[in-house]
Number of protein chains: 2
Amino acid sequence: MPQLGLLHGRAWASLLGKLLRPPGAVCIGAVHSHSQVAEAVLVSQLKPHQEKSNFIIKTPKGTRDLTPQQMVVREKILDLVVSCFKRHGAKGLDTPAFELKEVLTEKYGEDSGLIYDLQDQGGELLSLRYDLTVPFARYLAMNKVKKMKRYHVGKVWRRESPTVVQGRYREFCQCDFDIAGQFDPMIPDAECLKIMCEILSGLQLGDFLIKVNDRRILDGMFAVCGVPESKFHTICSSIDKLGKMSWKDVRHEMVAKKGLAPEVADRIGDYVQCHGGVSLVEQMFQDPRLSQNKQALEGLGDLKLLFEYVTLFGIAEKISFDLSLARGLDYYTGVVYEAVLLPTPAQAEEEPLNVGSVAAGGRYDGLVGMFDPKGHKVPCVGLSIGVERIFSIVEQKMKTFGEKIRTTETQVFVASPQKNFLQERLKLIAELWDAGIKAELLYKNNPKLLTQLHYCENMGIPLVVIVGEQELKEGVIKLRSVASREEVAIKRENLVAEIQKRLSES
Amino acid sequence: MPQLGLLHGRAWASLLGKLLRPPGAVCIGAVHSHSQVAEAVLVSQLKPHQEKSNFIIKTPKGTRDLTPQQMVVREKILDLVVSCFKRHGAKGLDTPAFELKEVLTEKYGEDSGLIYDLQDQGGELLSLRYDLTVPFARYLAMNKVKKMKRYHVGKVWRRESPTVVQGRYREFCQCDFDIAGQFDPMIPDAECLKIMCEILSGLQLGDFLIKVNDRRILDGMFAVCGVPESKFHTICSSIDKLGKMSWKDVRHEMVAKKGLAPEVADRIGDYVQCHGGVSLVEQMFQDPRLSQNKQALEGLGDLKLLFEYVTLFGIAEKISFDLSLARGLDYYTGVVYEAVLLPTPAQAEEEPLNVGSVAAGGRYDGLVGMFDPKGHKVPCVGLSIGVERIFSIVEQKMKTFGEKIRTTETQVFVASPQKNFLQERLKLIAELWDAGIKAELLYKNNPKLLTQLHYCENMGIPLVVIVGEQELKEGVIKLRSVASREEVAIKRENLVAEIQKRLSES
């Protein structure tokens, strides 16, 4: 399985490699913490020298700026995710940030209240997209596309109460991969699980498990336990909370708030504690109640096939059939899955619940048909990588280990030890830029040499070229290694070639 | 200067290289046209089998989906732009899609009506960002950052009347580079012009010119021509239209709509027809009226210095001092610039006006201070690449030349000529994926060999691995080149190495 090092060169390998160092490793610099930035709330004067309309200068509730340090981490993680999607033959697609309000209506069940609407400024009623799946289904129906494997990386917006500590924001990034089309059963579904494994292994976040269930098994289970059909959706929403809430609390919600008979709840309780491998699938086939339900049998049949395929993919040990897995969204119709990081023994003791989901998805065979004028269905299956959670895990680890991140890629700094050398510096740096070399100088007419060299050390720039009177007279440029402080004189006309040689060696 | 070939390998060089081929070159396939897609408007039934609430299924007015073909073109262009920004030492930054409404208030002059507001759903009043500059200034002030070189690629939204033919959308991508900080004059400004030249040369869009002016020269010109100070902003907005409207129409707007005295308008008319190199700067220093204005003299002094620096950067022949250049935005305070593609002689005859702006920017020294509680200023200068216009130029050229774009990167297809080989295909493809090889198969239990090979030809996949009874018996896999149709048998255990060898050679 491709690891980060293989895909992205040494820099990233070292970056993440260091995450795995034991605590107490040498701290070479502090990561610029976002939370400090977010707390920097100032009162602004909108019109200096005019009326002063004071207001708090901040980002909107539940949103934040992403600092250069965060952007570097994100870029590396997104590169790995997108590489994997492309490895599986996906095409890119982008959709507008907002959709007609009607497009989003009745797709998200109890969460619909979290949709951001745009103000009616004359014209169409619009809402910010809530996920990337509904826009994809709308795209397929609108363009009559019957078959497509696509990925989409983009922001989505949800008006959730931002419990920022848990890394939940109202604006966040989603990375989706979906396969649309009528195919033989479970082959694309198994590929989705394989992709989740490749990405989570590649990111080296620790051990993980993918829980799998099927909406038809859930519906069958509800039916044989005696849940009225009108309550299937709302009970499914309650079951979905089992990752975050105890069974006791979920049972209370179902009985006290949603009016389920206690004995029905208890029958559900017996099922939802079951999890295991393919043998549990076999066991459920024999279950006296479940085996009487046609839907459940269809779901179990597909899961059996899915286990066969993931075994061929070499990832069976990562997959767990879990009857408590529901997934909150209304549009799922078949297999559903969710990847969770397994807590270390120490973590497990602290927080027995709340092992975080880092990827999830499932089959939604009816969604495209909801947009099609004739109701023509396009079966779909897909997954979403929980990159925001992954970003915050990686950022947290880097902070713990005091990892210093370079936020620029500058290779060469152009300096002079003397005054009145701006012209020479400008000529020299243009030559480097034109050769494709990443280069910087200070925007001062006469900066001090020490200031220039300090800048290189602070920014992690490896090479300095120095031009002064002596060099100009002799037709040379000094090339200095910042790390070793070694300097060599190089003929002006050979400078670019020498720099390119050094950079290709490093 | 780095060209596309250098930066992005052969595929892209060939892609753009072919743009330069004469019309009549062989058409090997049609680019999937977006406009066809956008016109595919359907009536949807929201709830099949229930009440049928028909609505038109479409993207919101002025927006569109980006197809995989468009995404490939965009990715390559954005890669080139971002590479250039990084070559100049810029850091990445991201800000939320929306800001507090007050942050955007009074920043955009006459265009403020085009801002998208979010519905008041309880809580803060929010607006979608209108550009990336104001959020950057807000970020600097909020975090008390005094110095920063950053780039930002992101969507912005403007409720303009979408004249889609001209490639203007209500949602579009901006690519900005800005330098904030107190530095010696014109050094960062000159770097901004250098960056624009590097990007436009690298994209090989044809010949271009960067018009340069200074807001202080404009204000000085207005003052000496007799424009009342209260009308500076609105007259500046009129002058900004000179690229798209004739002088006659602009003069009419200033006199009839904005109440300027005709003789004042005519005096302005004498100036705004002037354009030239550094000699025009010298000439304006001697202008009997303009030389009496302190502001104008400051602007002219800076432009003189700017010409000195762009000469050292080797781009002086691309820069033109143009007294008609105004730039519409309120926040500019000093030098302003705009890059235009020069029409070919044939184009010049057809449309003498409307040579499109493809990059623009300027100095805005007061914007950060508008957000700072004490009005502390952070001088800034920056540029924005008009990537949407560039995207549509490149797409149009590719369409004209019938360029076929690969929308996936798949390297190897896994096939079988016989039935009941799904298991072997799945094992084989997992091995390829795990080795980092981009691979696909058909999601069918028993696809026909011809169907599989056709898929490879249609998708441009170069290699096929074939496993059948014979191969299984002999412990080999057949490796087929799609282009040459040559097949060789390779020991199963050597397959991955052989594929990697072939891919590295191609």
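User: Which residue stands opposite V156(A) in β7(A)?

Analyst: V156(A) faces F172(A) in β7(A). Strands here are DSSP runs (E, at least two residues), helices are runs of H or I with at least four, and both are numbered from the N terminus. This is a predicted model, where local features need pLDDT of at least 70, side-chain atom pairs count only at pLDDT 80 or more, and totals for chains, interfaces and linings use all residues. Residues are numbered from 1 along each chain as its sequence is written, chains are lettered from A and ligands numbered from 1 in the order in which they are written, and side-chain values use heavy atoms, with hydrogens and water left out.

User: How many bridges join β6(A) to strand β7 of chain A, and do they run parallel or antiparallel?

Analyst: Two strands pair if DSSP finds at least two bridges between them. Ten bridges join β6(A) to β7 (residues 171–180) of chain A, and these strands run antiparallel.

User: Why is strand β6 of chain A described as largely enclosed?

Analyst: Look at accessibility: buried means under 20% relative accessible area, exposed over 50%, and partly exposed in between (1.4 Å probe, protein chains only). In β6 (residues 148–157) of chain A, nine of the ten residues are buried, so the rest of the structure largely encloses this strand.

User: What about aromatic pairs: how many are there over all chains?

Analyst: Rings of Phe, Tyr and Trp (its six-membered ring) pair if their centres lie within 6.5 Å; planes under 30 degrees apart are stacked, over 60 edge-to-face, and the rest tilted. The count is 22 aromatic pairs over all chains. Take Y443(A) and F183(B): their ring centres are 5.0 Å apart and their planes stand at 70 degrees, so the pair is edge-to-face. Y443(A) lies in the loop between β15 (439–440) and α17 (449–459) of chain A, and F183(B) in the loop between β7 (171–180) and α6 (187–203) of chain B, so this pair joins two chains. Y443(A) counts as buried at 5% relative accessibility, and F183(B) counts as buried at 17%.

User: Where is T408(A), and what is it in contact with?

Analyst: You will find T408(A) in the loop between α15 (387–400) and β14 (412–415) of chain A. Contact means heavy atoms within 4.5 Å. Leaving aside neighbours within four places in sequence, T408(A) is in contact with E440(A), M459(A), G89(B), A90(B) and K91(B). At 3% relative accessibility, T408(A) counts as buried.
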